[in-house]
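Hello,

Here is the structure we spoke about, for your files.

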Amino acid sequence: MSVITPTKITFFEFLTPLVASGKKTITIRDISESHYQPGTQVEVYTLESHIKVCDIVILAVEPLAFDDINEFHAAQESLPLDELKHLIRHVYPDQQRLFMISFSLIES
Ligand SMILES: CC(=O)Nc1ccn([C@H]2C[C@H](O)[C@@H](CO)O2)c(=O)n1
């Protein structure tokens with residue numbers, strides 16, 4: 001079965017300034033949002049209002065267990081670790097198996 005490479009990603013609106021400023025360089029998603037391909041350009045939109053924010057390039061997609069999320073990931077998310085884990089549990093209440101998507105901002 002082939003999976004179409006996605007060319008868009010959404011972030012909660014309150015996180016988009018961190019993406020657009022280049023401070024946030026990873027996002028942690030479940031398998032349904034893990035099909036990004038390294039080297040591809042992806043458009044960033046706000047989840048709530050679907051406004052285009054910026055473009056990013058995908059650097060890597062790697063498996064990451066919820067229990068292994070640590071200060072290293074929090075720094076790259078530009079969030080405190082407790083806030084990050086709380087947010088991930090809010091979005092993905094039961095999932096241990098997650099994916100770390102690393103990306104770089106494309107300056108416009
Ligand atoms: C559908 C959708 O947009 N879902 C998500 C999922 C996660 N995030 C943020 C929250 C954290 O900063 C990281 C880690 O999951 O990504 C998000 O903005 N939108």
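The model is predicted: local features need pLDDT of at least 70, side-chain atom pairs count only at pLDDT 80 or more, and totals for chains, interfaces and linings use all residues. Residues are numbered from 1 along each chain as its sequence is written, and side-chain values use heavy atoms, with hydrogens and water left out.

Ala74 sits in helix H2, residues 71–77; helices (H or I, at least four residues) and strands (E, at least two) are DSSP runs, numbered from the N terminus. With a relative accessible area of 2%, Ala74 is buried (buried means under 20% relative accessible area, exposed over 50%, partly exposed in between, with a 1.4 Å probe and protein chains only). Apart from neighbours within four places in sequence, Ala74 is in contact with Leu79, Pro80, Leu81 and Leu84, where contact means heavy atoms within 4.5 Å. Between Ala74 and Ser21 there are 16 Å, C-alpha to C-alpha, and the two are 53 residues apart in sequence.

Ser102 belongs to strand S5, residues 97–106. Ser102 is buried too, at a relative accessible area of 12%. Residues up to four places away in sequence aside, Ser102 touches Thr25, Ile26, Val57, Ile58, Leu59, Ala60 and Glu62.

Two loop residues with positive phi

His50 is in the loop between strand S3 (41–46) and strand S4 (52–65). Its phi is near 55°, positive in a residue other than glycine, and His50 is partly exposed at 47% relative accessible area.

Ser78 lies in the loop between H2 and helix H3 (81–91). Ser78 is not a glycine, yet has a positive phi of about 60°; at 30% relative accessibility, Ser78 is partly exposed.

Regards
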